[in-house]
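Hi,

Here is the structure I promised to pass on. My notes follow below it.

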Amino acid sequence: MRYDSVTDIIGDTPLVRIDEAVHGLRHIDLYAKMELYNPFGSVKDRAAWNMVRHRLADAADRGDTVVELSSGNTAKALAVIAGMHGLAFRSVTNRMRIPEVKDLLLLLGAQIDELPGRSECLDPADTDDPLTRMYHTVSAAGGGYLHTDQYFNDLNVQAHLRGTGPEIIADLGGRAPDYFIACVGTAGSSTGVARALRRHDPNVTVVGLVAGKSDFIPGIRDIDEVHEVGLFDPQVYDTIEAVSSDEAIDGLLTLVRRCGTLAGPTGGGAYQGAVRYLRGVDAELTERRTAVFIVCDRVESYLSYLRERRPELFRQPARAHSVRTLTGDELAAARTVDVAGAREWIEQEQPLIVDLRSPFAYRALHLDGSVNIVDDLFEEMLRGGLPFSRRRPVLLVCPVGEKSARYAALLTRMGHPDARSLSGGVIAWRDAGAELVRD
Amino acid sequence: MAPSLQPRVDGDLRSILDSHDTLHRMVDTLGSPLNLVLPDRLAGNVRDFETTLRAYDLGGTVYFAHKANRSSALVRALATTGAGIDVASLGELQHALGAGLGPARIMATGPKSREFLWLAARTGVTVGADSVPELAELAGMVAAHGLPRVRVMARLSGFASTGTTVLSRASRFGVPVSDLDPLWAVLDEHRDQLDFHGAAYHLDTNGLPEKAAALEGCLEAMAEAQRRGLSPRAIDVGGGFGVNYLADSREWEAWTTELTGAVLGQRPPITWDGHGYGLRNEGGRLRGVLAVYPAYRAVAGPAYLDRLLATASTAHRRPLGSLVLDNLYDLHLEPGRALLDQCGAVLTRVEEVRDGLVRVAANSNDVALEAHGVLMDPILVPRGEPRPDDGPVGVHLAGNLCLEADLITRRRVPLPRPPRAGDLLVFANTAGYLMDFSAGSALMQPTARTVAAWRHGGDWRWCLDERYWPVTGREETG
Ligand SMILES: Cc1ncc(COP(=O)(O)O)c(C=O)c1O
Ligand SMILES: Cc1ncc(COP(=O)(O)O)c(C=O)c1O
């Protein structure tokens with residue numbers, strides 16, 4: 001396969017059957033529409049490309065900035081496309097909640113603007129909503145912006161009406177599936193596909209999935225938020241159901257571990273929501289039926305999201321030499337030395353002084369002659385064994401003498417004969433009027 | 001029925017609000033509206049904030065933002081704790097001094113009159129300055145009157161963020177961090193008058209990333225101060241820790257969904273005249289933003305402080321709390337609303353019930369739910385026995401002013417049974433800003449008196465706010 005431009009790869013994604021042994025539906029063939037195969041990684045590549053392709057030349061002439069309200073896949077696709085055409089891209093969002101996506105956008109050269117939170121001392125008469133103001137700025141003609149406006153732009157729907165939907169019909173041998181299940185973000189993909197399928201067969205059942213309120217599945221909206229979406233038309237869906245982040249992760253694990261499909265949370269949510277809905281239908285069926293759900297994007301961007309919600313999935317081997325494994329006895333036995341004692345000891349034996357505070361704080365003020373190894377790093381170093389000779393005494397210091405006592409106990413356990421902690425820490429040192437220096 | 005938003009009420013507040021006879025006796029004696037405050041709870045809230053600070057090994061003082069409530073009892077009770085007070089006017093400063101808080105425990109913030117500044121300097125309280133000209137004026141006054149050197153903190157604003165651009169509402173207060181040179185100049189010029197204690201911020205937002213950016217900005221400013229030979233000791237992170245007003249998150253979610261439905265015309269209105277609280281229906285689409293306080297908050301008060309301190313600095317990849325400690329700084333805070341959580345209630349008497357409209361002897365300045373966008377139900381404290389056929393009702397609540405707009409809340413609120421004249425409607429957990437922040441005496445209607453109540457064995461004792469001292473009525477405890 002040869003292409004002249006990476007944007008030519010957008011679309012024409014595979015439709016893959018899910019093994020019955022996995023989903024357990026007896027009368028339904030369940031297929032995944034693999035939108036994660038798009039070149040920038042998600043279903044949003046289609047919408048992004050369709051919303052800008054005909055406007056890029058003019059925008060490049062004027063030097064406009066591409067702008068979109070997005071904290072995820074649309075931003076990612078637009079950032080890539082803008083970059084390919086020499087345009088700047090700016091993403092405006094309430095919160096960048098997925099750190100991997102944020103870092104990727106920065107890597108792609110995007111500017112990210114996060115809107116302010118709610119006022120704590122609310123003035124209900126204040127109609128100056130930052131989002132509305134932003135919207136007016138970027139939408140004004142001649143304002144220097146190419147605003148793609150994904151929540152209101154019909155080209156978002158068209159991308160799927162012309163592409164995703166007909167592809168599904170073609171891959172099913174010219175038939176529309178009986179059921180179509182999709183998560184709703186801008187509603188672009190579900191609306192476009194539903195229209196295409198219904199043109200072919202008006203009896204298709206369409207299930208829209210949204211997040212529960214106060215829950216969070218990156219990329220989709222909750223039941224109230226969908227009403228703010230310009231493209232959202234309740235008539236498109238036979239039913240709208242909520243799917244929880246827990247279910248989405250369960251579905252993701254099934255797809256990732258059993259189906260060879262490295263789906264992100266909304267793919268998992270669509271799978272789980274589909275199986276939940278279809279199980280009820282399946283029980284009543286006597287003939288075979290077909291169902292399709294969308295796998296929107298890939299799992300890799302969501303590792304921290306998953307780690308936060310299911311830490312047990314990321315079991316780490318027990319660490320050698322960790323302060324977390326110290327016993328109460330070991331802690332109680334840690335050697336400490338007070339400020340006066342420490343000054344004398346330093347004078348007489350010149351122990352190695354290790355300051356466990358951040359480099360930022362160390363730079364500002366520290367004990368003369370100390371070296372700075374911030375605690376996280378020190379812990380890493382100790383994993384490999386003692387990083388200095390047993391013959392050299394060590395004085396550990398931290399702000400209040402608490403962390404340093406733990407590390408003194410750990411060094412002792414590791415066989416160091418004379419590791420002491422400065423009791424009361426650098427604060428006690430300062431308050432005793434002992435000298436602190438900056439270099 | 002009107003969907004309910006039951007207030008979160010616990011501990012002593014729950015217990016006194018269950019003492020119906022006590023509440024009726026108070027209102028019979030002192031009239032409606034009546035403010036009730038629980039000074040002992042304030043002390044408990046101070047401890048909770050201090051516990052969070054200590055969990056990070058941080059030193060520092062919790063300064064109660066006085067502006068949130070005028071009560072003397074609360075301030076006098078505060079004097080018995082380890083907390084300080086943040087005063088924002090000459091009157092508040094005098095009040096704090098008179099309540100027994102020494103100058104070392106007082107921080108003067110906000111826009112300052114000359115008189116306020118003078119008394120602050122004369123008594124030796126810490127001055128949280130909003131601007132460079134304010135510092136210059138203060139220094140001039142100190143020099144002219146031969147006053148002792150004044151401890152000052154500088155409020156900063158316009159913090160930049162790293163990585164993403166965290167947008168923040170513009171603030172009228174504070175020295176912009178983009179140009180601190182004038183600040184260093186004034187501190188340098190007036191070394192003999194001004195003792196620089198550290199950097200401060202207060203952001204009117206519940207957005208954690210904005211506050212994290214501000215705290216990080218203060219750390220940078222402090223480092224710069226040290227490079228310039230100053231020895232700042234503390235960062236003041238202001239207030240805005242928030243309160244969770246509701247007992248059940250599901251009620252909040254359900255109510256906001258119902259409001260959305262009502263605005264879109266999918267269900268009958270749940271507010272007066274279909275008021276949308278900022279939401280509008282434009283051609284079947286929902287537009288606007290819900291302009292109310294997020295009444296249910298999973299993370300508020302000390303837990304919010306904990307989140308802030310646990311947030312990693314983007315520049316130094318280390319929790320902000322650890323960075324403050326590493327630098328040996330104290331961390332001061334100025335919570336108002338959050339320190340008054342569960343510290344009081346406004347009691348109102350039902351005057352008239354007519355056609356689903358309940359009129360109480362109070363107005364929307366006395367119970368400022370609407371002005372602050374806080375949505376929660378009142379608690380019905382009946383006077384007599386229920387009638388056998390009494391069942392739940394939804395009502396609107398009107399105030400005692402002859403203004404169409406004088407509604408205590410625009411929500412229709414559910415009550416367990418129809419109220420009758422003489423019953424009380426109690427607005428719980430209103431001590432922070434919702435009680436006397438904006439109370440006046442429109443139409444010469446009575447302004448609320450305030451009573452302070454405390455536990456005495458299994459009973460409640462109470463007295464007029466101005467009569468309350470931490471020792472009164474507790475002679476037996478020495
Ligand atoms: C990961 C993910 N899943 C699902 C969707 C929903 O797609 P649509 O916006 O077409 O409704 C989005 C859209 O932003 C998304 O980013
Ligand atoms: C400088 C300052 N500090 C503290 C506060 C108290 O804020 P809150 O009651 O939200 O904690 C305010 C409130 O306006 C303020 O302006």
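Starting with the shell around ligand 2: its residues split into six charged, four polar and three nonpolar (nonpolar covers Ala, Val, Leu, Ile, Met, Phe, Trp, Tyr, Cys and Pro; charged is Asp, Glu, Lys and Arg; the others, Gly among them, are polar). Ligand 2 sits between chains A and B. Of the 13 residues around ligand 2, those that come nearest are Gly240(B), Glu334(B), Gly336(B), Arg337(B) and Tyr433(B) (near here means a heavy atom within 4 Å).

Before the details, a word on the model: it is predicted, so local features need pLDDT of at least 70 and side-chain atom pairs pLDDT 80 or more, while totals for chains, interfaces and linings use all residues. Residues are numbered from 1 along each chain as written, chains are lettered from A and ligands numbered from 1 in written order, and side-chain values use heavy atoms, without hydrogens or water.

Now the polar contacts (N or O pairs within 3.5 Å). A side-chain N or O of Glu334(B) is 2.6 Å from a nitrogen of ligand 2, and a polar side-chain atom of Asp86(B) is 3.4 Å from a ligand 2 nitrogen. Gly240(B) uses a backbone N or O, 2.7 Å from an oxygen of ligand 2. On its own, ligand 2 has 400 Å² of accessible area, and the protein covers 89% of that (Shrake-Rupley, 1.4 Å probe).

Which residues of α5(B) meet α6(B)? They are Leu90(B), Leu93(B), Gln94(B) and Leu97(B) (contact is heavy atoms within 4.5 Å).

Cheers

Methods: A polar contact is a pair of N or O atoms within 3.5 Å; within protein, one must be able to donate a hydrogen and the other to accept it, and residues adjacent in sequence count only if both atoms are side-chain atoms. Helices (H or I, at least four residues) and strands (E, at least two) are DSSP runs, numbered from the N terminus.
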